[in-house]
Amino acid sequence: MADRYEEPDPDLPEVRGGAGIVLPAGPPATGRPGLDRRRVLGAAIEFIDEHGIGELTMRRLGAHLGVEAMALYRYVPGRESLIDGVVESVMDELYGDPDVLLEATHGWQDYLQRLAHGVRRIALAHPEVFPLIATRPPSAPWIRPPLRSLRWLESFLQAMVAGGFSDASAVVAYRAYTSFLLGHLMLEVSQRGVQISPADAPEGVGPADDLSDYPTLRRLKPLLSQDETAAEFEESLENLLERLDRLLASTRRRQD
């Protein structure tokens, strides 16, 4: 498994040249910084990436931008609206990802592969933001994160139906696919030290390094410590696509 990923993880932002949204947050060299909603949201993403969501306040964001907090309320009514805008802006990076397609030009499996890696690139570029993408209430109860927008949901369902899935099978595929993405990527960002919820705050360090009573664990610790997240993501994605392929075959048999 590890041999397949001797090259750098292609989804890491440092391998791809940085995150998708790059909006300077600090004031320009001369003069008062000009603000608009896009720049405020870009600065909020930058702030959360650096400090975490728990540190974000309107006052601190204003200082990050070099303005008073009151200047921000022209563009966002408050912190909750700001966070909703951050989630929307980060997911909009999918539209600017040259490897992600809105249409299944090369078939549904290629479409899902590209989309999955696009979402993973967002999670790795903005690990502190990704839990918000997973947990913020969607605009409708039948919309499942991380594919939160109506446009992406329409794109997904069209790709599956065009690939031969029945309407019911396309919905099953949507649920399975979003569950896979959320489960794997939430685990991956938590392994990078991101606090998923307040309950995750450590209360104390346990005796994790004392393995004297666990000879098998002690022997296998080097293997357990290897970072295989990229390989695990790819293999889990392939398993999901094989499952959906079987679902498609079952749909076609029923139609025959």
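Guide: Welcome! A crossing of two helices is left-handed if the near helix is turned anticlockwise from the far one by less than a right angle, and right-handed if clockwise. Helices here are DSSP runs of H or I with at least four residues, while strands are runs of E with at least two, both numbered from the N terminus. The model is a predicted one, where local features need pLDDT of at least 70, side-chain atom pairs count only at pLDDT 80 or more, and totals for chains, interfaces and linings use all residues. Residues are numbered from 1 along each chain as its sequence is written, and side-chain values use heavy atoms, leaving out hydrogens and water.

Visitor: Which hand does the crossing of α6 and α11 have, left or right?

Guide: α6 passes α11 in a right-handed crossing, and by the rule above that is the clockwise case. The axes of α6 and α11 (residues 229-255) come within 11 Å and cross at roughly 145°. Axes are lines fitted to C-alpha atoms, for helices over the stretch in contact, with angles from 0 to 180 degrees between N-to-C directions.

Visitor: Why is α6 called roughly parallel to α9?

Guide: The axes of α6 (residues 108-125) and α9 (residues 167-191) cross at roughly 30° and come within 10 Å. Angles under 35 degrees count as roughly parallel, over 145 as roughly antiparallel, 65 to 115 as roughly perpendicular, and the rest as oblique. That is why α6 is roughly parallel to α9.

Visitor: What makes the contact of α6 with α9, residue by residue?

Guide: With contact meaning heavy atoms within 4.5 Å, the residues of α6 include L112, L115 and V119, and those of α9 include Y177, L181 and L185. Ala, Val, Leu, Ile, Met, Phe, Trp, Tyr, Cys and Pro count as nonpolar, Asp, Glu, Lys and Arg as charged, and the others, Gly among them, as polar. On that count the contact of α6 with α9 has ten nonpolar, no polar and two charged residues.

Visitor: How do you know what length to expect for α9?

Guide: The expected span is 1.5 Å times one less than the number of residues. α9 has 25 residues and reaches 36 Å from first C-alpha to last, close to the expected 36 Å.

Visitor: What makes D11 and R120 a salt bridge?

Guide: The term needs a side-chain nitrogen of Lys or Arg within 4 Å of a carboxyl oxygen of Asp or Glu. For D11 and R120, the closest N and O atoms are 3.0 Å apart. D11 lies in the segment before α1 (13-16) and R120 in α6, so the pair ties together parts 109 residues apart in sequence.

Visitor: Where is P146, and what is the peptide bond from P145 to P146, cis or trans?

Guide: P146 sits in the loop between α7 (130-135) and α8 (150-162). The bond from P145 to P146 is cis, with omega near 5°. Most peptide bonds are trans.
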